[in-house]
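Student: I would like a close look at a single part of this model, taken slowly.

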Amino acid sequence: MENDRIEKDTLGMVRVPADKYWGAQTQRSKQNFKIGTEKMPLELIYGLTFIKKAAATVNFQLGKLSEAKMKTIHKICDDIHHGDFDEHFPLIVWQTGSGTQTNMNVNEVIANRANHLLNEQKSTEKIHPNDDVNMSQSSNDTFPTAMHIAGYIKITETLIPALQQLKNTLLEKEKAFSTIVKIGRTHLQDATPLTLGQEISGWRAMLEKDERMIKEASTYLLDLAIGGTAVGTGINADPQFGKKTAEQIASLTGYPFRTSENKFHALTSHDEIVYVHGALKALAADLMKMANDVRWLASGPRSGIGELTIPANEPGSSIMPGKVNPTQSEALTMIACQVFGNDATIGFAASQGNFELNVFKPVIIYNLIQSIRLLTDGMQSFNQNCAIGLEANVEIIKDHVERSLMLVTALNPHIGYEKAAEIAKLAFKENTTLKDAALKTGYVTAEQFAEWLKPEKMI
């Protein structure tokens, strides 16, 4: 009790830790929602600081906030954004569905820290969390605005660079392995040949398309709800507040954020995030495919496919000495599973916009940020600890090509599908080479076989 201070709100007095800048409403949330361990993402908190700083500027310009208050709010927002006060944002995801308590957490920290500085300066000014920091705003428009800011910045500054790094590594491997002819596989069965470079080009092309889709979808996050206040009408805010604040946010972040054309939509619908996360799910699906291909192709080393070798990053078994496991592939595929689950959660949550407000906002932004973070970290880890070190096992690749029965496909134009199939079945039945089987049937001569069946001409 000696380490507490007394704060008050409209419901009365509350004891708050003396060394924390949050206030009564934050403390009530801590006490009322002791559910789980999932904290509100700091990216969302930082998004709110952009809003508070921009709003202070606009309210000053509109003659509603003093210059001293504006400058003090600016400084605290900058300090929070730099990570100086991360410990003062303790609230968990499972709270009010509008995110009101997190909005107030930010308002209270800014106000209490600002008043601390103003007292040190012996200023007569006093900043109120609602009347000053939250002026012309509602949680109902600030929280979805912060969701869009956090998602767009996180995708642009972390996920896209990680995707590009992995894409560039695959491009290098594609070029390095462009002349290595290997057997293709469809339905997990032998198929006609291609080069290892061609196979990897498929992975690279997937990432290129994912990048385009994610960038295109992310542009919808540039529309901001700010200015809608409680229900979208903009009550208690200047008619120009939303537009001017969005312009300030664009200036602060360096990204072309803009005011949403319809604030009623912006408060009750999160279809933009559903769309963006759909593109992230597409990336996760492609990463799942690529990681699975790598672990199949690297299976063995003597009893599997074994066409690729992967880096030996750590012992693969606690009982089997010398084992090397495709751990990076396993981590990436688990991430993909989590992203698929997050997509389902976001879809369900976004469908619950009732009347003027969707009240599933915290879980939506939590899952969006988690997916972005996991995909970013997963691609970086896979790139550094697996993709860069991928090597071709040329001897095994060559042996698989020579033993494949599907090379017989090259004979189709010359002797027809049915005779070619007869040769393949005979070679499999008698465990001989295609050449031996072909000559035994009498459908081709040795010279014709050598001329028609060349794997390097089948790619």
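Student: Leaving aside its neighbours within four places in sequence, which residues is Lys53 in contact with?

Tutor: This is a predicted model, in which local features need pLDDT of at least 70, side-chain atom pairs count only at pLDDT 80 or more, and totals for chains, interfaces and linings use all residues. Residues are numbered from 1 along each chain as its sequence is written, and side-chain values use heavy atoms, with hydrogens and water left out. Lys53 is in contact with His74, Cys77, Asp78 and Leu252, once neighbours within four places in sequence are set aside, where contact means heavy atoms within 4.5 Å. Lys53 itself sits in helix H2, residues 42-61, helices being DSSP runs of H or I with at least four residues, and strands runs of E with at least two, numbered from the N terminus. With a relative accessibility of 16%, Lys53 counts as buried, a term that means under 20% relative accessible area, against over 50% for exposed and partly exposed in between, using a 1.4 Å probe and protein chains only.

Ile305 can be described in the same terms: the residue lies in the loop between helix H10 (271-297) and strand S7 (308-309), and is buried, with a relative accessible area of 16%. Not counting residues up to four places away in sequence, Ile305 touches Arg185, Trp296, Leu297, Ser299, Ile396 and His400. From Ile305 to Phe50 there are 255 residues in sequence and 53 Å in space, C-alpha to C-alpha.
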